Amino acid sequence: MADAQRAAGIRADGISKRFGDFVALDDVDLAVPSGRLTALLGPSGGGKSTLLRIIAGLDTADTGTVVIDGQDATRLPPQRREVGFVFQHYAAFKHLSVFRNVAFGLEVRRRPKAEIRARVHELLELVHLTQFADRLPAQLSGGQRQRMALARALAAEPKVLLLDEPFGALDAKVRKELRDWLRRLHDEVHVTTVFVTHDQEEALEVSDEIVVINHGRVEQVGSPNDLYDRPANEFVMEFLGPTTRLDGRLLRPHDIDVFADAAPGTVPAVVQRLQRVGFEVRADLRRTDGDQQTFWVQLTPGQVETLDLAVDTPVWVRPARRAAVIEPALT
Amino acid sequence: MAATTTTPVRPTRARAGRRPLPPGVLPLGAGSGLGLGLVTLYLSILVLLPLIAVVITSTEGGVAGFVDTLTNPAVSSAIVLTVLSALAATAVNVVAGTLVAWVLVRDRFVGRRLLSLVIDIPFALPTIVAGLVLIALYGIDSPIGITLAQTRAAIFVALLFVTLPFVVRAVQPVLEELDPDVEQAGASLGAGRLAIFVRLVLPNLVPAIAAGAALSFARSLGEYGSVTLISGSLPRRTEVASARMLSQIENDNLTGASVVAVVLLVIALIVIVGLNLVQRRAARRG
């Protein structure tokens, strides 16, 4: 990769931050490539929002440096970082119309009126809010408010766009819609984007790259498929999706093959419970050899029918060939 | 954050001679009808009837009597002095009160609670005690060498003293409720501290400031106890309207006193309605 390209995007090196005794970030390094959509994924209180706020200059790190688009921003105030920030609870300017909200960043930069009008209309079109330009934020739905906040953050053409749990305050259906929409928007606008989320499905679906953060440390960095197929440790594996344990090994419940008869490498088990959830059947199984360990398998209704499964049916199981597996820690 | 909720429109039975109720408002039951009646009666006896009585008394000298009273130099200068002092004190309160509220809410310092307590003292003191306090400090033998007794400045200071808490206490809770994200969003969009305050914070404070200003102005118009001691109530120089009225009443000129009262009443109404409009315009946006 050329040096110029490597310089673009965001680099944070050796970032540490404490709030009293609580260590929010512990010597974290982060490199966000230019023009990509990166997710900071992790449980609440893991430090991901703090990291985002440090990049934006809304919090200051105790140690470490922040470089945005090749420029050292560690000591820059938020006003001069050229960062667009979207808050979980919209942070709408309630007394200003949608138009004026979006225009704010341009107005404080004293851009010519005509230019502001053109740019705001362009952005309102991008976020499908043109017909709401004269409304007040209170007259918009949550999803519309967040789209307004996004247009506002993009108005002054920031070098990077940072979103802090942008869909966290919305209900499930709107969240799903906005997620798809953010992906399409990013494909159009191509601004380097980092968004914080605790929803692994959101991260897997939307982002080019995922940075998993827990207890103030980076657990793993990679593409969604990398992380799902080759998790670095039990935490990442468990955080990215359902897991179960067979022979002490952690694996995905859809990565276990079930047979009606014994096959090479299989172990015997018996069905304890079958529960259908939509297009998925959860089968709770118990091994009938060794330690009688229980585990569960994710099947389709079709598989259940083919195998003729019912409670107390004996089966044979083994991990699927390409299963992502975390071996038990050697102690 | 309140999402816009659409209230389901209740089918309201149209009753003859009544406007349909706005959606979401339940029609009055027998119990609340009685309540409304009692409240109206109570307010009438307490507020409306005495006001009407004053207005009627003020017209007993006819139009000529009204004009005579107002053109009396002592009366007119008292009214002008009162209104100007009240406006000046309120203007200062708008700025200083907002500032004090800001410091109380945003700054963390030793003695913050104590300061918060001190602010209410002028309001809680009996006004004549406030007058004594001011005399002790700014009287003829002022311990700090500032003698304001018998000056117009004394009136201004006395009014500032007794109206200190109004704007502070109106603004403080609103400031506490402001979403800090809004200011951070402003900063991230490139606005400096001043622009953030003027464009993003202040508009949200305007209704509260207006409400505090209305109270401060109304109190200033009628203030007697704290003002009269230190001002000396010299006619045409340091006599406020309330002091003028008292001397009119002492001279058996109840009609004249009522004329002054009505003028003060009208001025107070104009200012309070005006500030109310400011509040409503701002509230409509919220």
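This is a short tour of a predicted model, stop by stop. Local features here need pLDDT of at least 70, side-chain atom pairs count only at pLDDT 80 or more, and totals for chains, interfaces and linings use all residues. Residues are numbered from 1 along each chain as its sequence is written, and chains are lettered from A, with ligands numbered from 1, in the order in which they are written.

**Stop 1: the domains of chain A.** Select 3-236 for domain 1, then 245-326 for domain 2. These bounds come from an automatic or database domain assignment. The C-alpha centres of the two domains lie 41 Å apart.

**Stop 2: a sheet in chain A.** Strands (E, at least two residues) and helices (H or I, at least four) are DSSP runs, numbered from the N terminus. Two strands pair if DSSP finds at least two bridges between them. Strand 11 pairs with strand 12 (residues 249-251) over 3 bridges. Zoom in on A:Leu246, which stands opposite A:Arg249.

**Stop 3: where chain A touches chain B.** Here 23 residues of chain A are in contact with 20 residues of chain B. Contact means C-beta atoms, placed from the backbone, within 7 Å. Select strand 6 (83-86), helix 3 (98-107) and helix 5 (142-154) of chain A; each gives two or more residues to this side.

**Stop 4: chain B.** Select residues 152-175: the span is 100% helix, with end C-alpha atoms 34 Å apart. Next, select residues 196-218, also 100% helix, with ends 32 Å apart.

Terms used:
Contact = placed C-beta atoms within 7 Å.
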